Amino acid sequence: MSRKLSRLVLVASLAASLGLIPLGGADAADTRSVDAQADRFEPKRLDIYVGDTVAWNIIEGEHTVTPKDKWGDNDGHEGTLKAGDTDRYQVRFDKPGLYKYYCDIHGDVGANNTLLGMFGEINVTDPNATTTTTATPPP
C-alpha cells in the first residue's frame, strides 16, 4: 500500500471513530431507545436515520407516547404504558422530518401549538439525500 493511501485510510478510520463520518444509514437500520422517566423523556431529542426504529422504555411511572402531529399511519400508542411492562412501544420512521411527541398524562399542547411538560423529538434524516445550497449574491 502506498504511503499516500495509508494516510488516507488512517484519516478515514480516525474520522469514523470520532463519529465525523456516519457509518449507519438506510442500509443499516438500527433500533434506538428513548427512556420515559418520572417526568421527562431521555434523550429529549434523538437523531436517527430513515429506516431506523425507536423503542420507548418506561423506566418510572405511567406514560403515553402521543404524536403532536400524525406520523403517517401511526397515531401513537393506544393506552398507557407502565414501568415493568414487557411491551414496548416502537415506531419505524421511513420519512425524513422532525417528529414531536408528548406524554398525554404529563404534557400537553399549549397555546400557539407548543408542547408543554413531558415531550420529546425524533429528528429523522436521510443520509443518502443530496443537499444543495444556493449562494445569495451580495447586494
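Predicted model: local features only at pLDDT ≥ 70, side-chain atom pairs only at ≥ 80, totals over all residues.
Let's start with Glu62, which touches Thr80, Leu81, Lys82, Cys103, Ile105 and His106 once residues up to four places away in sequence are set aside.

**Glu62**
- You will find Glu62 in strand E5, which covers residues 62–63.
- Glu62 counts as partly exposed because its relative accessibility is 39%.

**The open sheet**
- Follow the order E3-E10-E9-E6 and you have walked across an open sheet of four strands with mixed pairing.
- Strands E3 (45–49) and E6 (66–67) stand at the edges with a single partner strand each, so one side of each has no neighbour in the sheet.
- Strand E9 (residues 97–109) runs antiparallel to E10, and nine bridges join the two.
- Tyr101 has Gly120 of E10 standing opposite.

**Glu121**
- Glu121 belongs to strand E10, residues 115–125.
- With a relative accessibility of 17%, Glu121 counts as buried, because the cut-off for buried is under 20%.
- The side chain of Glu121 makes a polar contact of 3.3 Å with the side chain of Arg45.
- Beyond its neighbours within four places in sequence, Glu121 is in contact with Lys44, Arg45 and Leu46, and also with Leu98, Tyr99, Lys100 and Tyr101.

Definitions and conventions:
Residues numbered from 1 in each chain as written. Heavy atoms only, no water. Buried < 20%, exposed > 50% of the residue type's maximum accessible area, 1.4 Å probe, protein only. Polar contact = N/O pair within 3.5 Å; in protein donor to acceptor, adjacent residues only side chain to side chain. Contact = heavy atoms within 4.5 Å. Pairing = 2+ DSSP bridges.
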